[in-house]
Amino acid sequence: MKKQVICSTVFPLLCILLLFLSVEAQTCSPSGKIKRKTPPPGQCNQENDSDCCKDGKWYTTYKCSPPVSSQTKATLTLNSFEPDGDGGAPSECDNQYHSDDDPVVALSTGWYNNGKRCLNYINIHGKGKSVRAKVVDECDSTMGCDSDHDYQPPCPNNIVDASKAVWKALGVPESDWGEMDIYWSDTD
């Protein structure tokens, strides 16, 4: 009760500032935007319905992701980690390609955490099932629309980009593959 009185009568601006900082510390704001041109003909791999950058469109970039918890909410997307797949280059963690039959993922830049989750496992929960998947790559939220990123836009800041094996393990019908709300956590 005493805190309410102090906040409402003595230091209202300080209390508002502290509340703002508390909320701001738990969010992840965009870090910028990039504007790109349409890729050269045949240079954007649209396997798994991947988007290609569009001429003159602005794309939001992020250096952060939402805070990680025991149940971090995310969007699961479909990615191929194989040569000539829509993932583009070899995986960041080990400079290797990976079979789509292996449960592997790429995490948005903030969650990838400068490679600190490389080759570690995460638990993914969706559709009432769980799967354990290895982190092998970054889904770059800071850059995109260039040859290194297969001329695809930057990833949003809340993506777990997963191989077909992850989608199969979660029991998602192939006709529903693409995007799905999930929760994930680091393994113990």
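A: A salt bridge is counted here when a side-chain nitrogen of Lys or Arg lies within 4 Å of a carboxyl oxygen of Asp or Glu. This is a predicted model, in which local features need pLDDT of at least 70 and side-chain atom pairs count only at pLDDT 80 or more, while totals for chains, interfaces and linings use all residues. Residues are numbered from 1 along each chain as its sequence is written, and side-chain values use heavy atoms, with hydrogens and water left out.

By that definition the structure holds one salt bridge, in which the side chains of arginine 117 and aspartate 186 meet at 2.8 Å, N to O. Arginine 117 belongs to the loop between helix 3 (109-112) and strand 5 (121-126), whereas aspartate 186 is in strand 8 (residues 179-186), so the pair ties together parts that are 69 residues apart in sequence; helices (H or I, at least four residues) and strands (E, at least two) are DSSP runs, numbered from the N terminus. Arginine 117 is buried, at a relative accessible area of 13%, and aspartate 186 is partly exposed, at 34%, where buried means under 20% relative accessible area, exposed over 50%, and partly exposed in between (1.4 Å probe, protein chains only).

Rings of Phe, Tyr and Trp (its six-membered ring) pair if their centres lie within 6.5 Å, and planes under 30 degrees apart count as stacked, over 60 as edge-to-face and the rest as tilted. The structure holds one aromatic pair, formed edge-to-face by tryptophan 111 and tryptophan 184, with 5.3 Å centre to centre and 70° between the planes. Since tryptophan 111 lies in helix 3 and tryptophan 184 in strand 8, the pair ties together parts that are 73 residues apart in sequence. Tryptophan 111 is buried at 1% relative accessible area, and tryptophan 184 is buried at 0%.

Tryptophan 111 also touches asparagine 157, a residue of the loop between strand 6 (129-139) and strand 7 (159-162). Contact means heavy atoms within 4.5 Å, and, leaving aside neighbours within four places in sequence, the contacts of asparagine 157 include Cys28, Cys64 and Ser141. Asparagine 157 is itself buried, with a relative accessible area of 11%.

Two of those contacts lead to the disulfides. A disulfide is a covalent bond between the sulfur atoms of two cysteines, and here any pair of cysteine sulfur atoms within 2.5 Å is taken as one. By this rule there are three disulfides. Cysteine 28 is joined to cysteine 64, S to S 1.9 Å. Cysteine 28 lies in the loop between helix 2 (12-24) and strand 1 (32-35) and cysteine 64 in the loop between strand 2 (58-61) and strand 3 (72-78), so this link ties together parts that are 36 residues apart in sequence. Cysteine 28 counts as buried at 16% relative accessibility, while cysteine 64 is partly exposed at 25%.

Cysteine 93 and cysteine 118 form another disulfide, their sulfur atoms 2.1 Å apart. Here cysteine 93 lies in the loop between strand 3 and strand 4 (104-108) and cysteine 118 in the loop between helix 3 and strand 5, so the pair ties together parts that are 25 residues apart in sequence.

Finally, cysteine 139 and cysteine 155 form a disulfide with sulfur atoms 1.6 Å apart, and both of these residues are buried.
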